[in-house]
Every structure is written in C-alpha cells, then in structure tokens.
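Open the model in your viewer and keep the selection tool at hand. This tour goes from one stop to the next.

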Amino acid sequence: MNFESRNPATGELLGTYPEHNKAEIEVRLQRAWDGWRRWSRTPLQERIAFLTRLAELLEERVETYASLITAEMGKPLADSIFEIKKSAWAARHLAEAGEAYLKPQPIPGIPAQIVYESVGPIFSVQPWNVPFWQVLRFFNTTALVGNTAIIKHAETVQGCAEALETLVRDAGGPEGLYVNLTIPVDACAAVIADPRVRAATVTGSVRAGRAVAEEAARVGKRVVLELGGSDPFIVLEDADLAKAVQLGIASRFFNNSEGCICAKRFLVAESLFDDFTKAFVEQSKALPMGDPMTEGIKLGPLASSGARKNLHRQVLDAVKAGARILTGGEIPAGPGNFYPATVLVGLPPEAAIAKEEFFGPVAMLFPFKTEDEAIRLANITDFGLSAAVWSRDLVRARRVAGEIESGMVFINDFTHTDPRAPFGGFKASGYGRELGAPGARELTNPKLIWQGA
C-alpha cells in the first residue's frame, strides 16, 4: 500500500510513499533501540548543542518548510511560516533551559535526590494539522532527555515526515535518534507491544488516543495523550468586548481552524450577546479565503475532502437540532476543500452535536444569564483541554477559571502554546504534559538516589 500526499487546494498528487513492511519496521525499531543506547550516554551539553543547531536550521529553512506544510495540508503560508519560527524558538528554549529542567532535585530532610533519566525509544503518533510544530515539541524534549523518537506521522503529510527526519540528521543527530515509520493505524499495536519501545504518545482523536492507551496498558507502558477539545471562550458582562471579539476571531480561525486549542464554543453574557454576535459575524465574513500560498489569505482549504464532508455534516446536524446559520454553512463551488467561516446561534447547548469538536471554521455562539450558568455550560462536554475567560475583574476571572474543568485556562487572552509553559488536557482531552519543566520530565525515569553515610 502507498500513502498519498495531495495538495488540498487543487487535488494535485504531490508524492507517494510506500508502507513499511514487517522487515523494515524491525530494522527501524532496532535502529531506535541502538540509537538510544548511544544517545542516552551522550553528555547533556552535547544534546543541548544539537538542539541549538536544530533551531538554526529551522530558521535557515523557514520558507522551504513552510511551503511544504501549506502544500500538504492547506493552511495559509503565513501560518506555516509562524509554525516553523515557533518550532525554532521551542528548540532554542530547551537548549537554554533544559539543564535547569533536568537538574537533580534534593529532598529536604533526607540524604536523597531525584534524578531524571531517559527511558528509551518513544513511539509517537502524530497529526497532520501542525506537522512540524507538533512533532518537534515532542521530539525536542525527547532528544534533550536522552530518549529516541519513533514517529508515525499522519498519512497525508509524509513529505513533512521525511523532511523532519532529514532535518534531524542535518543537525547532527546520530542514527536512530529520529526514526520514521510509514505504517497504517492497524500496525501500531505491534509497535507499542515491542519490548524496545518504552512509552507512547498520541496527538489526535479521542478514539485514536484510547486505542493506543489500551494497547499500552496491555503491556504496562506509559502514555501521554493530547486528544483535542471543544474549548469554551467565556465572555463575562464586564469584558472588553472589542478585544474579546478580535481575539475570539483569531482563536477560532487561526491555523485554518484546524487546531485542538481553537476556541469552539463562545459563551457570552446575555447583555453583550447581540453586540458580540454582530461584530463576530462581520469579522468572520471579512476573512479572505482562497489559495493558501497567496499573501493575505486567512482561510485555506481543509486538509482533506473527508474533513470537509464531516464538518458540513456537523453543520447540518446542528441546524436540525435548532441552530441558525448567520454566515457561511455552504460548500463553495470549484476545486479544493474550501469551507467558509461559519457562525451558528440558537443551538441548544445540551444538544449532542453542540458537544462535538468542530475541526474547521465553524463557531458556535451561546448566551448565558449568570456566572454559574457559564461555568456549567463550559463544563458540559466530555472534553477539557483549555478555556478562555474574559473579564476586567481579575479576581472574578480567577474564580471562574478555578471552576473550569480543563488542563489550561487563559484569562483575557486566547489559548496558545508557549515552550516555557506546560501544555495538556483533562477528562477526554487526555493526560500528561508537553512543554515547560513538566513536559521535559514527563517521559523520564525520576529515579531516587539515597546516599547513606
């Protein structure tokens, strides 16, 4: 079987990539194992120097890598450029802070400390929506702590997968530090069960994450899961309305609206709802949609025809459940997987469709009467990745944030990732952390060293 990469704006075939057979998988797993035995013994300062060189190459190759991302998954070129620059920043940050993150921790009152050691090759199932950033935010930490990475990248971005493997090699990474596996989903269980694989991570759907977690549990291995969300964006009655709308638009529609941390459900105080809705619809309509390689475009095509079909099905289901479409909601004529910015109101928040993740440019707006109702609606879904709370009263905003069932809450800002801060979810959105000090230590062995007299 071959995997195909196609330009979602035109349907053009960009490349075909043969699936790895059992013999090739065996070779690559052994390569990752042998690589770990060497890399884990490499001094930390050399691993840090590698990350610095990785950042330099990302900065040198911004245009090349960004063009590849846009060609394979369809996001606007400006967003792809941002992705590469941010990936470089993350590598530089780890190079600068990694030693402190992994510093042995003394235990007060006893002659002991905790040291953070590598555990071995990590198998990681990666998504298509941020094909460099997502892989590298996992890989950078993996390389820092002395683990090696076995990557099953998304089937539609295999050009990015190959480019990443080459990037690591060009940066001086030794054989086995980064290993691609071109395999289908049904081949993952055998990889997880292999004794040379010490842990697994998934960024993707709830179904994919739970399948990997189930396989890992069978053999007693650790997992880190980042499984998407239906993030609430709560606008209290004393919020800065103009700023909330502006950043609400950015939060919903950045990265082609194909992001787990894009705001999806806008919960707006009843007294502000009409004004918020009017401004939100106007700004949604103004978003330019078209060829993602063109400067100024804010919405490119969705990554696949299947993704567009599913998104439109969700919109129609929402209408059946009582929603009204204020803008968008129709599949445009012509080539490409384009879908316009769409705003829905009137959908009962308890409806099953309102609790789903809309992975595309569709925003759902809901009014609320009281703070308690806003909190209840925010927590009504099984997801718990992130949330935003808007209020000029910071004490109140912190109180509301404390009631939200999520891994992250942003006050008077929209959810975003930062290499210095831990990232991860709660409930059906997964568990474990990436980025920051917690992310650096997540897939290590926190070994106790007790030193007697």
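**Where the two domains meet**

Across the interface of domain 1 and domain 2, the rule finds 1 salt bridge. A salt bridge here is a side-chain nitrogen of Lys or Arg within 4 Å of a carboxyl oxygen of Asp or Glu. Select Lys427 and Glu405: they form a salt bridge, with the closest N and O atoms 2.9 Å apart.

This is a predicted model, in which local features need pLDDT of at least 70, side-chain atom pairs count only at pLDDT 80 or more, and totals for chains, interfaces and linings use all residues. Residues are numbered from 1 along each chain as its sequence is written, and side-chain values use heavy atoms, with hydrogens and water left out.

Now colour the domains. Domain 1 covers 2-227 + 427-450, and domain 2 covers 231-411; the bounds come from an automatic or database domain assignment. Their C-alpha centres lie 30 Å apart.

Next, show the contacts (heavy atoms within 4.5 Å). Here 21 residues of domain 1 touch 28 residues of domain 2.
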